[in-house]
Amino acid sequence: MIYAENVLICIAVPLAITLLFTKGNARRLTASFLVGMIVCIVSAYISGYVQVLSDFSAEDTSIFLSPMIEECMKLLSMLFCVYVSNPSDDEIQLSAVGIGAGFATFENCCFILSSGAPQLANVLVRGAAVGVMHIVTLVALAKGMQLLKTYKAFSLAGIAGVLSLSVTVHGLYNLLVSKPGISSYIGYVMPMICAIMLYMINGKTNQ
C-alpha cells in the first residue's frame with residue numbers, strides 16, 4: 001500500500017520551486033506538468049468514489065468509468081488554461097503536453113510503487129503504452145480546441161465533440177488491454193501509432 005499524496009508531494013515540491021527560477025514556455029510546461037499530476041490524483045479519487053456508489057468491479061470501472069472521468073478532468077484543466085490565459089495555439093499544445101506527461105508520470109510512479117516492476121517488459125509497456133496514451137488524448141484535445149478557436153466554434157457542442165474523441169480513444173485502449181491475447185497487443189501499440197500520426201499532422205500544420 002502506498003499513499004499517493006506522499007508521492008505527489010515528493011515530486012511536486014521540487015518542480016514547484018523551479019517555477020521561481022523559470023519563465024516563458026519553460027514555466028508553462030512545468031506548471032502544466034504539476035497540474036497533470038494533480039488532475040491524476042483527483043481523477044483517481046473520483047473514480048474510486050463512483051466505483052463504490054455504482055458497485056462496479058475494478059475492471060468495469062477501468063473500462064467504462066475511468067476514461068470518462070479522467071478525460072473530463074483533463075478537459076476542465078485545458079478549458080481553465082484557455083479561458084484564463086487566452087493562450088496561442090502553440091501554448092495550448094504546450095499545456096496539453098505538460099498535463100499529459102504529468103498525468104502519465106504520476107500514474108506510472110504510483111503503479112510501480114504499488115505493484116512493483118519485476119520485468120522490464122512490464123515497465124516498457126507501462127511507459128510506451130499507458131504513458132503515451134495520456135499524452136495522445138490530450139494532444140488530440142488541444143488540436144480540437146485549436147480548431148474550435150480558429151473557426152470560432154467554441155461552444156458546448158464543439159467542446160463535447162472534442163471530449164468524445166479523447167474518451168473514445170482512452171476507452172478503446174482500456175478495453176483492448178483488459179484481456180490477454182491479440183487484442184491486448186493491438187492496444188499496446190495503438191498509443192504510439194496515434195502519437196506518430198499526431199506528430200505528422202502537427203508537422204504539416206506548422207509548415
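Let's start with a pair of helices: α5 (residues 120–150) and α6 (residues 156–176) pack at an angle of about 165°, their axes 9 Å apart. An axis here is a line fitted to C-alpha atoms, for helices over the stretch in contact, and angles run from 0 to 180 degrees between N-to-C directions. Helices (H or I, at least four residues) and strands (E, at least two) are DSSP runs, numbered from the N terminus. At that angle, α5 and α6 are therefore roughly antiparallel to each other; angles under 35 degrees count as roughly parallel, over 145 as roughly antiparallel, 65 to 115 as roughly perpendicular, and the rest as oblique.

A word on what you're looking at: this is a predicted model, where local features need pLDDT of at least 70 and side-chain atom pairs count only at pLDDT 80 or more, while totals for chains, interfaces and linings use all residues. Residues are numbered from 1 along each chain as its sequence is written, and side-chain values use heavy atoms, with hydrogens and water left out.

Back to our pair. The crossing of α5 and α6 is right-handed; a crossing is left-handed if the near helix is turned anticlockwise from the far one by less than a right angle, and right-handed if clockwise. Which residues of α5 and α6 meet? On the α5 side you'll find, among them, Val130, Met133, His134, Thr137 and Leu141, and on the α6 side the list includes Ile159, Val162, Leu165, His170 and Tyr173. Contact means heavy atoms within 4.5 Å. Sorted by class, this α5–α6 contact has 13 nonpolar residues, seven polar and no charged. For that sorting, Ala, Val, Leu, Ile, Met, Phe, Trp, Tyr, Cys and Pro count as nonpolar, Asp, Glu, Lys and Arg as charged, and the others, Gly among them, as polar.

Now zoom out. The protein chain has seven helices and zero strands, so reading along the sequence simply gives α-α-α-α-α-α-α. With 207 residues, a compact globule would have a radius of gyration near 17 Å, and the chain's 17 Å agrees. That radius is taken over C-alpha atoms, and the globule rule is 2.2 Å times the number of residues to the power 0.38. Along the principal axes, the C-alpha atoms fill a box of roughly 45 × 40 × 35 Å. Buried residues make up 40% of the 207; buried means under 20% relative accessible area, exposed over 50%, and partly exposed in between (1.4 Å probe, protein chains only). Of the contacts with a separation of 6 or more, 71% come from residues 24 or more positions apart.

Next stop, α2 and α3. Helix α2 (residues 24–54) and helix α3 (residues 58–85) pack at about 140°, with axes 8 Å apart, and their crossing is right-handed. Among the residues that meet are Arg28, Val35, Val39 and Ile46 in α2, and Leu65, Ser66, Ile69, Met73 and Lys74 in α3. By class, this contact has ten nonpolar, eight polar and three charged residues.

Serine 66 counts as buried, at 11% relative accessibility, and, leaving aside neighbours within four places in sequence, touches Ser47, Thr61 and Glu71. Is lysine 74 buried or exposed? Lysine 74 counts as buried, at 0% relative accessibility. Not counting residues up to four places away in sequence, lysine 74 touches Val39, Phe103, His134, Thr137, Leu138, Leu141 and His170.

In the loop between α2 and α3 sits aspartate 55. Most residues other than glycine have a negative phi. Aspartate 55 has a positive phi of about 65° although it is not a glycine, and is exposed, with a relative accessible area of 68%.

Over in α6 is glycine 161, partly exposed at 37% relative accessible area.

Last, helix α1 (residues 4–18) packs with helix α4 (residues 89–115) at about 130°, axes 11 Å apart, which makes α1 oblique to α4. Ala4, Val7, Leu8 and Ile11 of α1 make the contact with Phe106, Cys109, Cys110 and Leu113 of α4. This contact divides into eight nonpolar, no polar and no charged residues, and α1 passes α4 in a right-handed crossing.
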